[in-house]
Amino acid sequence: MSPRPALASFALVTGIVLLLGGTAHAACVLAGVAKKGDIPHADRAAHLAFISLAQWTAGALDVLAARGLRRGEPWTRGPLTISGLLVIGWAGVALPLLLDASLTLRAMLALYAAAHLGMLVALWGWRGARLDVSARP
């Protein structure tokens with residue numbers, strides 16, 4: 001059995017989690033602003049907006065790639081690679097800055113990065129064994 005359906009299911013779940021996480025992040029930031037009435041400085045607001053946008057972008061690319069993987073489309077490698085690099089890059093920059101953050105926040109970011117690293121390894125292969133994403137039998 002090809003690992004393509006398993007990767008498609010994993011990418012779909014990861015994409016949905018990222019989309020929901022970005023929405024929850026935006027809602028919590030807006031709720032905090034509404035509750036305190038305190039608008040963050042421009043640099044902080046840009047950082048908070050980037051977190052939601054990164055999650056939404058990576059999640060949408062994961063869902064798009066999952067649909068393509070199920071159909072055996074060869075273009076799926078691109079969106080999944082971009083999503084993986086986006087999440088891994090975001091985690092690589094943010095994790096060292098979150099040493100005083102809650103364990104849940106650090107764990108979720110590390111899990112996002114690990115999941116995407118695993119998908120990239122499955123997609124591009126380890127030691128040259130690439131996943132065939134085409135629909136050929």
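Tutor: Among the contacts in the protein with a separation of 6 or more, 74% are between residues 24 or more positions apart, where contact means heavy atoms within 4.5 Å. This is a predicted model, in which local features need pLDDT of at least 70 and side-chain atom pairs count only at pLDDT 80 or more, while totals for chains, interfaces and linings use all residues. Residues are numbered from 1 along each chain as its sequence is written, and side-chain values use heavy atoms, with hydrogens and water left out.

Student: What is the secondary structure of the protein, and what makes a run a helix or a strand?

Tutor: The protein has four helices and zero strands, and along the sequence the pattern reads α-α-α-α. Helices (H or I, at least four residues) and strands (E, at least two) are DSSP runs, numbered from the N terminus.

Student: How do you know that the span of helix α3 agrees with its number of residues?

Tutor: The expected span is 1.5 Å times one less than the number of residues; for the 18 residues of α3 (residues 77-94) this gives 26 Å, and because the end C-alpha atoms are 26 Å apart, the two values agree.

Student: Why is glutamine 55 called buried?

Tutor: Buried means under 20% relative accessible area, exposed over 50%, and partly exposed in between (1.4 Å probe, protein chains only). Glutamine 55 has 5% relative accessibility, so it counts as buried. Glutamine 55 lies in helix α2 (residues 42-71), and, leaving aside neighbours within four places in sequence, its contacts include Leu18, His25, Trp90 and Tyr112.

Student: Which residues of α3 are buried, and what do they pack against?

Tutor: The buried residues of α3 include Arg77, Leu80, Val87 and Trp90, and the buried residues of this helix pack against α1 (4-36), α2 and α4 (103-124).

Student: Why is methionine 108 called partly exposed?

Tutor: Methionine 108, found in helix α4, has a relative accessible area of 32%, and therefore counts as partly exposed.
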